[in-house]
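Work through the exercises below with the sequence and the model at hand. Try each task before reading its solution.

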Amino acid sequence: MPGRRNSRRVGIADVASMAGVSHATVSRVMNGNTTVDADIAARVRAAASELKYKPNPVGRSLALGKTDTIGIVVPDLSNPTFQAILRGLSIAAARDGYRVLIADSSEVSSEEAILAGEARRRCDGVVLCAPRMSDAELEELAPTLYPLVLINRTTESVPTPSLVVDYGQGIQELAAHLVGLGHRKLAYLTGPDRSASNVQRLRGLEKFKADFPDVELQFIPGGNTFDAGFESSDAVVSCGATGILVFNDVAAMGLLSGLSQRGVRVPEDLSLTGFDDMPFARYTMPPLTTAAVPISDLGDLAWRRMREQIQTNDAASPTNYFPPRIELRGSTGPVKA
């Protein structure tokens, strides 16, 4: 139609034609390649500016082999611990212009490896929180995911930055706190069987038993959810222990509710501890004694370790260990006389 403006998108060929250079030269200039002659680069940028040329982000990603996106695989995004890690990671990555793609395995261990592989194909790197994956699976998978950052796991198959909370030390300190209050019959409400951090807690409790041979310690199958804690109430009440160590704060809160329904007073009749120090652990009734983990710091540091690999193509980085800090609150008290 007369007077109708050509709405065709300005492409790299238009810039190349105006600047009198090849398509490849325009591509190199637009992607920040510093080997192009300064005068030629200036001519290309002037042509791009005059034509209001905007590089296609998808095409640019393919050309550079990068997406400015990283993936994170978590076992359960409804868990506040993983929400906090994700928040710390997302905020830190956004400061450097990166986005975060989230994959939730819904506590299905077989999904962790599949999701990690898919995330790596779509992203520039993967942060892997895979507590249910076996060590053998992790050792086989890790070399295919570089750049990779592990949270609460380590691997020997390839140099990989790992951020590890010392759950074993934390559970020992909580148990020792209960002993200091006079408790000699303790029970541990366990986490998921395939949880790597649950294994670390169990190892820590084995050391605790060696240090306190006169203390009776039982193990009660539990889990990592509100429901798991609540449903364990009868087993906890009937076990005869006066001090209960719970896998995490979420299950401890469920147990608190179940004990309250059964008329068991905390800490007068039974002392209990959680783990993680989630934001609302201090607002339960009574407030929860727990082991504080620097959760948001893990996300921030995970991004820094990822950025180092992306920028330097070098995974060499030591494993960072984080000792939990014990927060003493109202859910623990002296053993009942």
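This is a predicted model: local features need pLDDT of at least 70, side-chain atom pairs count only at pLDDT 80 or more; totals for chains, interfaces and linings use all residues.

Residues are numbered from 1 along each chain as its sequence is written, and side-chain values use heavy atoms, with hydrogens and water left out.

**Exercise 1.** Work out what span helix H6 (residues 109-122) should have, and compare it with the distance between its end C-alpha atoms.

Solution. Helices are DSSP runs of H or I with at least four residues, strands are runs of E with at least two, and both are numbered from the N terminus. The expected span of a helix is 1.5 Å times one less than its number of residues.

Next, take its buried residues (buried: under 20% relative accessible area; exposed: over 50%; partly exposed: in between; 1.4 Å probe, protein chains only). They include Leu115, Ala116 and Gly117. Among the elements covering the buried residues of H6 are strand S1 (69-74) and helix H7 (135-141).

**Exercise 2.** Find which residues Ile85 is in contact with, leaving aside its neighbours within four places in sequence.

Solution. Start with the location: Ile85 belongs to helix H5 (residues 80-95). Its relative accessible area is 3%, so Ile85 is buried. Contact means heavy atoms within 4.5 Å. With those neighbours left aside, Ile85 touches Ile72, Ile151, Ile295, Leu298 and Gly299. Finally, the C-alpha atoms of Ile85 and Asp300 are 7.9 Å apart, although 215 residues separate them along the chain.

**Exercise 3.** State how many disulfides the structure holds.

Solution. A disulfide is a pair of cysteine sulfur atoms within 2.5 Å. The count is 0. Cys129 is in no disulfide, and the nearest cysteine sulfur, that of Cys123, is 14 Å away. Cys129 is buried because its relative accessibility is 2%.

**Exercise 4.** In the loop between S9 and S10, examine the phi value of Asp276 and the peptide bond from Met285 to Pro286.

Solution. Asp276 has a positive phi, near 120 degrees. At 5% relative accessibility, Asp276 is buried. Asp277, in this loop, also has a positive phi, near 55 degrees. The bond joining Met285 and Pro286 is cis, with omega about -5 degrees.
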